[in-house]
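I'd like to walk you through a few spots in a structure I've been looking at, so let me put it on the screen.

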Amino acid sequence: MGKKRKHEEASKALKEEEVAQERPKRTLLGWKDGEAPKEDNSPTFRNKEKVLVTCSRRINYRYRHLMVNIVSLLPHCKKESKIESRASKGSTLNELVEFWNCSGCLFFECRKQKDLYLWMVKSPGGPSVKFLVNAVHTMEELKLTGNHLKGSRPILTFSSNFDNEPRWKLVKEIIMQIFGTPKDHRKAKPFHDHVYVFSIVDDHIWFRNYQILVPHNETNKVDRGGLDKMSLVEVGPRFCLNTIKIFGGTFGGPTLYENPYYVSPNQIRAMAKRKKAGKYTKKLKAKMRRKLHEEANPLEPDEFADLWKEEE
């Protein structure tokens, strides 16, 4: 009889286990009560917007380091190998932008291993802006104390000069769409811990990158709205952009704006050479004038020139 009782108790326990309710799911905030939410089979939105970043061959090491710094600041960029800087570079870059399905392009073009030009292009259809890059200082060169999270979203700030003229408004919109990290991008982190500053001084665009520093401890945290306790620490890099032309297409097309005050670096170097050559010609002319003056105004003979020779 005892064996039969054990068998009956085991069969009852098995039935109870089959009928028992499912254990509620556990979340970070505790046990989940109520019915589980229904699964949504609709596809989720993934922002895959990208910016192609590449450079020309025979680029200088300093400019290459600047490009690497900018790639580290843009989590939504797609890096490509070097491209030959020729007249057909526009068609090659357009094919690459279309192949990688990018919405913009940053092309660093180095000429004579001295001059750096930056193309900012919106694809497809343009517009595109060509800049001359000056006053380049990379992160490794500056060795600043600022540091921010890699892949975080930046806050873009522009000086009030950008709203004065239509060309600056167009450049501002292009910069916002290229340097601004898209929302819900798969490689971006949902934090705002650094600021990109674009300011216009003497018709040049100056770029700075600052970290938003909030000094607080576990016991003493900064409340919301306590902006007076926040500070900015520069991270780098630094560079200056001089606008050359604004085109209606990608890497060319109708010219929308041309800077009348732009002087190419080749002309500046040629003027410096002429100035140095002018110094030498001035010396030769001075010698000729001195020689002619001596011939026209000879010195009178000295009475005492041979005085000591006679005594000897």
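Predicted model: local features only at pLDDT ≥ 70, side-chain atom pairs only at ≥ 80, totals over all residues.

Let's start with strand S6, which covers residues 115–122. How many of its residues are buried? The count is 8 of 8, so to speak a strand that is mostly covered. In a regular strand, the side chains alternate between the two faces of the sheet. You can follow that here: Asp-115, Tyr-117, Trp-119 and Val-121 point one way, while Leu-116, Leu-118, Met-120 and Lys-122 point the other way, and all of them are buried.

Now look at who sits beside S6. Strand S5, residues 104–111, runs antiparallel to S6, and 8 bridges join them. One example is Cys-105, whose bridge partner in S6 is Val-121. The S5–S6 hairpin has 3 residues between the strands, and Lys-112 there takes a positive phi near 60°. Strand S7, residues 128–137, is also antiparallel to S6, with 6 bridges; Met-120, for instance, has Val-129 in S7 as its bridge partner. That hairpin has 5 residues between the strands, and Gly-125 in the turn shows a positive phi of about 95°.

On to helix H5, residues 166–179. Its 14 residues reach 20 Å from first C-alpha to last, close to the 20 Å expected. Which of them are buried? They are Arg-167, Trp-168, Val-171, Ile-174, Ile-175, Ile-178 and Phe-179. Looking down the axis of H5, these buried residues fall within an arc of 125°, so they line one face of the helix.

Next, rings. The structure holds 13 aromatic pairs. Take Phe-107 and Phe-251: they're edge-to-face, 6.4 Å centre to centre with 80° between the planes. Phe-107 is in S5 and Phe-251 in the loop between strands S12 and S13, 144 residues apart. Another edge-to-face pair is Phe-179 and Phe-198, at 5.6 Å and 65°. Phe-179 lies in H5 and Phe-198 in strand S9, so this pair ties together parts that are 19 residues apart in sequence. Both rings also belong to a cluster linked by ring pairs, including Trp-168, Tyr-196 and Phe-239.

Last stop: Asn-209, in strand S10. Is Asn-209 buried or exposed? Buried, because its relative accessible area is 0%. Its side chain reaches the backbone oxygen of Gly-236 at 3.1 Å, and among the residues it touches are His-148, His-194 and Tyr-196.

Technical notes:
Residues numbered from 1 in each chain as written. Heavy atoms only, no water. Buried < 20%, exposed > 50% of the residue type's maximum accessible area, 1.4 Å probe, protein only. Helix = DSSP H or I, 4+ residues; strand = E, 2+ residues; numbered from the N terminus. Pairing = 2+ DSSP bridges. Polar contact = N/O pair within 3.5 Å; in protein donor to acceptor, adjacent residues only side chain to side chain. Contact = heavy atoms within 4.5 Å. Expected span 1.5 Å × (residues − 1). Arc of directions from axis to C-beta. Phe/Tyr/Trp six-rings, centres within 6.5 Å; stacked < 30°, edge-to-face > 60°. Lists of a residue's contacts leave out its neighbours within four places in sequence.
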